[in-house]
Every structure is written in structure tokens, then in C-alpha cells.
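Dear colleague,

Please find the structure below, handed over for your records. I would be grateful if you would read the notes after it with the coordinates open.

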Amino acid sequence: MNSTSTPSSPSSPNRTNSAIGSTTDTTTGTTTVITNIGSLVTNDPSLGDESPLGLVLDAAVVIEGDRVVWTGESSKAPTTDNRVDAGGRAVLPGFVDSHSHLVFAGDRTQEFNARMSGRSYTAGGIRTTVAATRAATDAELEANLTRYLREALHQGTTTFETKSGYGLTVEDEARALRIAAAHTDEVTYLGAHIVSPDYADDPAAYVALVTGEMLDACAPYARWVDVFCEKGAFDGDQARAILTAGKAKGLHPRVHANQLSYGPGVRLAVELDAASADHCTHLTDADVDALANSRTVATLLPGAEFSTRARWPDARRLLDAGVTVALSTDCNPGSSFTSSVPFCVALAVRDMGMTPDEAVWSATAGGAAALRRDDIGRVAPGAYADLTLLDAPSHVHLAYRPGVPLVAGVWRRGVQVVRNG
């Protein structure tokens with residue numbers, strides 16, 4: 001993990017988010033201590049055992065308003081207004097899911113079933129979701145979005161990024177982002193998901209739309225611009241044009257890069273100082289070196305490989321080279337229909353060569369780095385009080401007990417928004 005800092009944050013991080021819990025009133029001054037924490041992951045080596053996780057045993061955390069104001073040993077915790085006993089269980093930062101596609105309608109069960117059964121299936125893939133999304137009402141799209149946000153929250157996710165990309169018209173892309181922006185500050189314009197079926201015979205005209213009228217309509221709702229740089233989607237020149245146009249409108253790049261084949265995506269991401277290059281399955285040594293010598297995070301999405309039986313990204317290779325790695329769900333209806341970061345942690349440990357410590361760091365601090373944030377993904381003074389309580393004595397249980405619902409409680413911006421059991 002390289003130590004590149006991530007100093008920036010969204011311009012309006014205090015937006016109330018009804019889907020994943022409301023923010024606290026930071027003017028109250030009410031303080032709460034969570035004490036008797038068996039193992040606390042701070043992600044700050046200066047606060048704990050000097051490992052990247054900054055572990056503190058028999059720990060406590062003090063929250064004031066929506067921020068962490070103190071961490072340390074339980075016996076040294078200051079007096080507070082309220083007290084919560086963690087019962088010897090583990091606490092870690094809320095998961096940061098930095099890559100998802102949650103504004104959509106429809107279902108692709110038949111496609112998944114055919115793929116897993118070894119049968120051919122000729123339905124439209126992403127185009128199937130595009131047709132269903134275009135036909136859905138705003139209320140239907142928002143209801144679907146909030147459903148998956150509730151799922152994610154109950155599995156410990158306190159920050160999420162989500163994209164457009166299933167509308168592929170000016171109106172449908174803009175409304176997807178408008179709906180998403182009501183629930184998160186981490187909104188990504190992905191008009192360049194695939195070439196719209198309406199422009200199948202004229203991809204250049206679609207790129208012109210994505211970089212022109214569509215961008216103009218979408219930029220007010222987004223923080224990020226993304227492109228699927230891949231054979232069959234957008235080549236390197238098209239991707240550069242799309243990302244450069246987005247940057248000119250104040251959006252920062254992210255890139256779907258090197259998922260299905262070797263290509264220019266990763267090095268384009270580094271060239272344009274993209275916050276993340278996502279997927280990173282097919283990499284040359286030059287790609288790995290470029291990532292290691294940049295601020296661009298390699299965001300790995302094991303749910304996609306699980307759901308498609310594709311080749312796993314080599315996380316070990318990236319980590320050993322000094323690349324900053326994030327783990328995310330890629331939650332979408334076609335290739336990774338999971339909202340569970342714990343599941344992705346377990347996959348990364350089992351099939352991608354990561355240690356449990358590395359996987360947890362990547363799902364918290366790594367995700368924050370992929371969003372260029374330093375106010376989330378850690379439990380340290382000044383950070384948002386986004387915490388996950390496990391019904392287990394250690395974060396290692398996320399990989400040790402895969403598939404078990406271990407999240408016992410979640411605090412978001414200082415408010416306990418989930419109590420499981």
C-alpha cells in the first residue's frame with residue numbers, strides 16, 4: 001500500500017441521506033464513548049500497533065457530533081455523555097464501496113442462470129438493462145436504489161459511489177444522476193458505459209453526444225466522469241476524449257480499465273490522474289509500474305469474477321509492487337449482483353492472494369483513497385464517525401466466516417443506524 005495522501009473531499013459531505021442514515025447535528029456537542037472494543041481497526045498506524053490497520057486492543061472510541069474525537073485503550077477513555085458497551089467485539093471503519101451501478105431497472109436472472117449452466121444466451125446484456133431502465137419511472141428507479149442501499153448499510157457500508165450508464169440518452173442519464181445525487185455525494189457520470197443502441201452504426205456521433213449535450217446535462221449532478229475503455233466499448237482515443245471533456249466540466253476521471261483484455265485503460269487512467277482504475281485484471285508490467293508510481297488506485301471487484309467465472313485479478317502482484325488497492329462490490333444487475341463488501345473481502349482473501357488485513361484495509365481506507373477522501377475509511381480524530389461493529393472478536397472473521405451475517409451495528413456520521421440483534 002503506498003502512502004499517497006488523499007486530501008480532498010466532496011463539497012457537500014453533510015447532505016442528509018435517508019437511505020443510509022441521517023447525519024447528526026454537529027452543534028449539539030453530545031459525546032458518546034463506545035468502550036470494551038475487543039479489537040479496533042483505526043487504519044492509522046500512529047494510533048495503534050504501527051501496522052497499516054493501526055490495531056488497538058481493548059479499545060474505545062469517542063464520538064462528538066458526527067466526528068471521531070478520540071481513540072485509545074478503554075481504561076483511558078474520557079468521560080462522555082453516553083456510553084455503549086461493545087462487549088469485546090471488533091469495530092472497524094464503515095466500508096467504502098467506491099464502485100457500483102445502482103440506478104437501474106429490470107432483472108437478468110436468465111442470463112446469469114444460462115452462464116452458470118454453460119448454456120448459450122443471446123439476450124442483450126447491458127442493453128437489456130438499458131431498455132428496462134428507460135421504461136421505468138423515477139419513483140421505480142429510486143425505490144430500487146434505496147433497496148440496495150439498505151442492503152449495503154446492514155452489511156456495514158457507510159459510503160458508496162454509484163454511476164449512471166443504463167440510460168444512454170441525455171434525459172435518462174441526467175435523471176439517473178439526479179436520483180443518485182439525492183443519496184450520495186459520490187456520483188459518477190458513465191454515459192460512456194457502452195455505445196448506445198441508438199448509435200450502433202455511428203459510434204463517433206455517440207462520443208460527440210457524451211462529450212457535448214449529455215455531459216452538459218449531467219455534470220451538475222456528478223463529481224466523477226467514467227468510461228468503459230475496452231474492446232467492444234470505447235478505445236483509448238475515444239476514452240481520452242470523454243475523460244478530457246469531463247475534466248473540462250470539473251469532473252474528475254475514473255476508468256473501467258483492463259477488465260476483459262489488455263489495453264490502454266490503466267495507463268490512460270494514470271496519464272489523466274484518475275482517482276481509480278477499476279477491474280485491473282489484464283495488466284502488463286508497465287501497467288503495474290505506472291500504477292505504483294501514481295496516485296491512481298487499483299480498484300478490484302471480485303464479485304464480477306465470481307459471477308462470470310472470469311480470471312481473478314492478481315492483487316498480490318499489485319500489492320507487492322506498492323500499488324494502492326481498493327475493494328468494491330461493482331453491484332450491478334448483470335455481472336456482480338451483490339451489495340456485500342464482506343463477501344468481496346472473503347473472495348479477495350480466498351482467490352486474489354490478499355491477507356485478511358490487506359482486504360479489510362482495501363475495503364475501508366483503500367476505498368477512501370479511490371474517492372480521494374481522508375475523512376472516511378479510518379477511525380481517527382477528525383474523521384467522520386462511520387463505524388461497523390462485528391459480532392466477532394476480530395476483523396479477520398470477515399474472511400474466516402464467509403457468508404455469515406457478522407455486522408451487529410453500524411454508526412454513520414455519529415448516529416447508530418443499524419442494530420442487528
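The notes below go from the whole chain to single residues.

This is a predicted model, in which local features need pLDDT of at least 70 and side-chain atom pairs count only at pLDDT 80 or more, while totals for chains, interfaces and linings use all residues. Residues are numbered from 1 along each chain as its sequence is written, and side-chain values use heavy atoms, with hydrogens and water left out.

Overall form

The protein chain contains 14 helices and 18 strands; helices (H or I, at least four residues) and strands (E, at least two) are DSSP runs, numbered from the N terminus. For 421 residues, a compact globule would have a radius of gyration near 22 Å, and the 21 Å of the protein chain agrees with this. That radius is taken over C-alpha atoms, and the globule rule is 2.2 Å times the number of residues to the power 0.38. Along the principal axes, the C-alpha atoms fill a box of roughly 70 × 45 × 45 Å.

Of the 421 residues, 59% are buried (buried means under 20% relative accessible area, exposed over 50%, partly exposed in between, with a 1.4 Å probe and protein chains only). The chain exposes about 15600 Å², of which carbon and sulfur atoms supply 50%; accessible areas come from the Shrake-Rupley method with a 1.4 Å probe, and for residues only the protein chains shown count as cover. Among contacts with a separation of 6 or more, 71% join residues 24 or more positions apart, contact meaning heavy atoms within 4.5 Å.

Helix 2

Helix 2 (residues 126–135) has Thr-129, Val-130 and Thr-133 as its buried residues. Seen down the helix axis, these buried residues fall within an arc of 105°, so they line one face of helix 2; the arc is that of the directions from the helix axis to the C-beta atoms. The cover over the buried residues of helix 2 includes helix 3 (138–154) and helix 4 (170–181).

Two aspartates with positive phi

Most residues other than glycine have a negative phi. Asp-273 has a positive phi of about 55° although it is not a glycine. This residue is in the loop between helix 8 (265–271) and strand 13 (276–279), and it counts as partly exposed at 24% relative accessibility. Asp-330 likewise has a positive phi, near 55°. Its place is the loop between strand 15 (325–327) and helix 12 (341–351), where Asp-330 is buried with a relative accessible area of 2%.

Three further residues

Thr-31 belongs to strand 1 (residues 31–40) and counts as buried at 14% relative accessibility. Residues up to four places away in sequence aside, Thr-31 touches Ile-63, Glu-64, Thr-80, Asp-81 and Asn-82.

Thr-71, in strand 3 (residues 67–73), is buried with a relative accessible area of 11%.

Ala-217 lies in helix 6 (residues 213–218) and is partly exposed, with a relative accessible area of 25%. The C-alpha atoms of Ala-217 and Leu-177 are separated by 9.8 Å, the two residues being 40 apart along the chain.

Yours sincerely
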